[in-house]
Amino acid sequence: MISELGDAFQYVALMWFALVSAGPLGVLAVRLADSIPALVFGLHGGLVADRSDRRRVMVLADISRGGVLIPVAVAGLTGRLDLWMLVVAAFVLETATSYFEPAYGALLPTLVERTNVQAANGLVRASAEALRVGGWAAAAGLLAFLPLSSFFLLNAGSFFLSALLIGGVRACGTSADISATAPKLREAFSALRPRPVLATGVIALAVGITISSGTWMVGVPQLVRKTLDLGAGSFSAVAAGYAVGAVTVGAVLSRIRVRRKVRAGLYLWIPYAGAYALFAVAGSLAPAVIAGAVSGALQAGLLILLYSAAQEEIPDAQLGRVVGVISLVHRGGHATGLLLVGPLFALFAARTVFFGAAAALPLVGILALAALTVRPAVAAPARVPD
């Protein structure tokens, strides 16, 4: 959690240095570097989470993330920071995150009990987004006293502190005593096969995140800059709106328990029509901020519900690999979105692409729900006991 504040500082520094070094292509290179590792290492991260002590995996991931930022900070402070260094750092950071996330997701039920995972996920999401907004606000003030490169050092320190705190966590059990046999990657898909609702939610997430993230990451900055003729501060306002929406839904889901989590999450793809259509017709900053807030609320809700459903249903021995699959399609969707949706902005106006996303995203939820209604009934495995 503490590293979320450092991440907010680092995001400002990373994107600014990339933009100064190579313009929009530099930003694209860094964003691809911090997205592609999820596709490459996501499944293996889940396997490691079920094969090793999960706390140790998280500690090593945090130490790796902190360590890679120190030379980047030094290079920046000495005026020798090149684009390739940012790309390498972004790649290593996301690679370590691909191991941290499955370990964290699988460890959580041993800390709060399975019946409480939705509340825990909602609280963590709300707190993380609140820290991110606070970090962005603090960054503006700190830049009056500190060089931008010092933000890399601040984030490195947050990762080292996070590793220290995680090392002191005590859980009810770890993956080291789960199974006498070595876990196999295919068991993640075997665990999803008899759970068609959960599997459908994961597939819908893969498609939906590709569309929504590709449109957001490329389209929102372009909409703000070219269509609305506004600056970086206005883009920050839209991003802050996104975070506020996520904080709100996280807080609500930490208090209100949802029973049919995956189906509820599938319904959340439908209101994306309104959010992205609002982006498409926005003629000023205010509608764009509102659209950002709605988008943040919807994505936070569907992620909290899907992760919580997996943590409630999947046995602990396989949970790391299943969380790894979800993390892969979630974080890897950023890469596929940049590669598949991003180029559309070179061919069409931003408003046109947003209208297209507004039409496509509801179909993700509608088709997934329809598939569940026509699928032959399958006896669901018994819920994992608390």
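Modeller: Let me start with helix H12, residues 285–313, whose 29 residues reach 42 Å from the first C-alpha to the last, close to the 42 Å expected at 1.5 Å a residue; that expectation is 1.5 Å times one less than the number of residues. Helices here are DSSP runs of H or I with at least four residues, numbered from the N terminus. H12 is mostly covered, since 21 of its 29 residues are buried, where buried stands for under 20% relative accessible area, exposed for over 50% and partly exposed for what lies in between, with a 1.4 Å probe and protein chains only.

This is a predicted model, in which local features need a pLDDT of at least 70, side-chain atom pairs count only at pLDDT 80 or more, and totals for chains, interfaces and linings use all residues. Residues are numbered from 1 along each chain as its sequence is written, and side-chain values use heavy atoms, with hydrogens and water left out. The average pLDDT (the predictor's confidence in each residue, from 0 to 100) is 86, and 90% of the residues score at least 70. Over residues 173–178, however, the pLDDT is below 50, although this stretch has 13 contacts (heavy atoms within 4.5 Å) beyond near neighbours in sequence. Where pLDDT is low, the predicted coordinates should not be read in detail.

Turning to helix H8, residues 196–227, we find threonine 210, which counts as buried because its relative accessibility is 13%. Its side chain makes a polar contact of 2.7 Å with the side chain of threonine 336; such a contact is a pair of N or O atoms within 3.5 Å, of which, within protein, one must be able to donate a hydrogen and the other to accept it, while residues adjacent in sequence count only if both atoms are side-chain atoms. Leaving aside residues up to four places away in sequence, threonine 210 touches Gly333, Thr336, Gly337, Leu340 and Val341.

The aromatic residues complete the picture, with eleven aromatic pairs in the structure, meaning rings of Phe, Tyr and Trp (its six-membered ring) with centres within 6.5 Å, stacked if the planes are under 30 degrees apart, edge-to-face if over 60 and tilted otherwise. Phenylalanine 345 and phenylalanine 354 are edge-to-face, because their planes stand at 70 degrees, with the ring centres 6.3 Å apart. Phenylalanine 345 is buried at 7% relative accessibility, and phenylalanine 354 is buried at 0%. Both belong to one aromatic cluster, together with Trp216, Tyr242, Trp269, Tyr272, Tyr276 and Phe279.

How values were computed
Helix = DSSP H or I, 4+ residues; strand = E, 2+ residues; numbered from the N terminus.
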